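Here are a few friendly notes to read with the model open beside you. Take the points in order and look for each place as you go.

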Amino acid sequence: MSTRTTPRSRTDAVRNQRLLVEAATRAFAEHGLAVPISRIVREAGLGKGTIFRCFPTKDHLVAAVVRERFAELAAGAESLFDEEDAGRALHSFMASAAAVYIGDRGFFESLSLAPRSHPEVREVEQRLITAVEQLVTRAQRQGAVRADVTATDILLLLGGVRQAAAPLHATVPELWRRYLDVVFDGLAPPPPGHRPLTVPAPTREQYEESARGLARPSPATTDQDREVRP
């Protein structure tokens, strides 16, 4: 029996992959990465054999979702390069990114798991870091941000905003905006004679190395979820 790939089969494969990523994005955002594969397949309207042909493991599916989130954040940062007020541009990026961190449970969970170390995810995350570096540099040149702050500081602080607001998110869903304002005000240039920060910012290399060292896979509800093969 012939298994030759046809234009129709390639089109179907692309469509199915898109349906799975969209269903996984919604499920992970609301419920976290422990959502079983069977639920994602059901919401995508496909069979379990289809997901195996698209993503050999759950980590591969998570990586595809995370890559898209990083790409969206990078594109958002890049769209602000031409803003006249560089401080406002940085704040706008931080607000949009914090909204993702607080609203997408699965994305935030993935930052400490193995899918973040996938090459295609690392590539687009590096694009994001480069974009944030440019936003920070422009804001510093305009005197809106202190000189000893880096892009890695910004990305790590966004996680702090999420962690601070998460316990009360169900009852005070906009609380993260308060903590974002506190963080952003802390980025302002300090007065003369201020005490310097006691520890240097982590370097970009240290930040990227944290992703390369991740080995813990995405949470699986069953052994079948770990390896998608039916």
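**Notes on the helices and rings**

1. Let's begin at the start of helix α5, where a side-chain oxygen of D85 comes to within 3.1 Å of the backbone nitrogen of G87. Helices (H or I, at least four residues) are DSSP runs numbered from the N terminus, as are strands (E, at least two).

2. Before going on, please note that this is a predicted model, in which local features need pLDDT of at least 70 and side-chain atom pairs count only at pLDDT 80 or more, while totals for chains, interfaces and linings use all residues. Residues are numbered from 1 along each chain as its sequence is written, and side-chain values use heavy atoms, with hydrogens and water left out.

3. Helix α5 covers residues 86–103 and reaches 26 Å from its first C-alpha to its last, close to the 26 Å expected. The expected span is 1.5 Å times one less than the number of residues. Its buried residues include L90, F93, M94 and Y101; buried means under 20% relative accessible area, exposed over 50%, and partly exposed in between (1.4 Å probe, protein chains only). The buried residues of α5 pack against α4, α6, α7, α8 and α9.

4. Now for the rings: there are three aromatic pairs. The centres of the Y101 and F107 rings are 5.7 Å apart and their planes are at 75 degrees, so this pair is edge-to-face. Rings of Phe, Tyr and Trp (its six-membered ring) pair if their centres lie within 6.5 Å; planes under 30 degrees apart count as stacked, over 60 as edge-to-face and the rest as tilted. Y101 and F107 are both buried, and ring pairs join F70, Y101, F107 and F108 in a cluster.

5. Helix α8 has 15 residues and reaches 22 Å, close to the 21 Å expected. Leaving aside residues up to four places away in sequence, T152 touches P202, T203, R204 and Y207, where contact means heavy atoms within 4.5 Å.

Key:
Polar contact = N/O pair within 3.5 Å; in protein donor to acceptor, adjacent residues only side chain to side chain.
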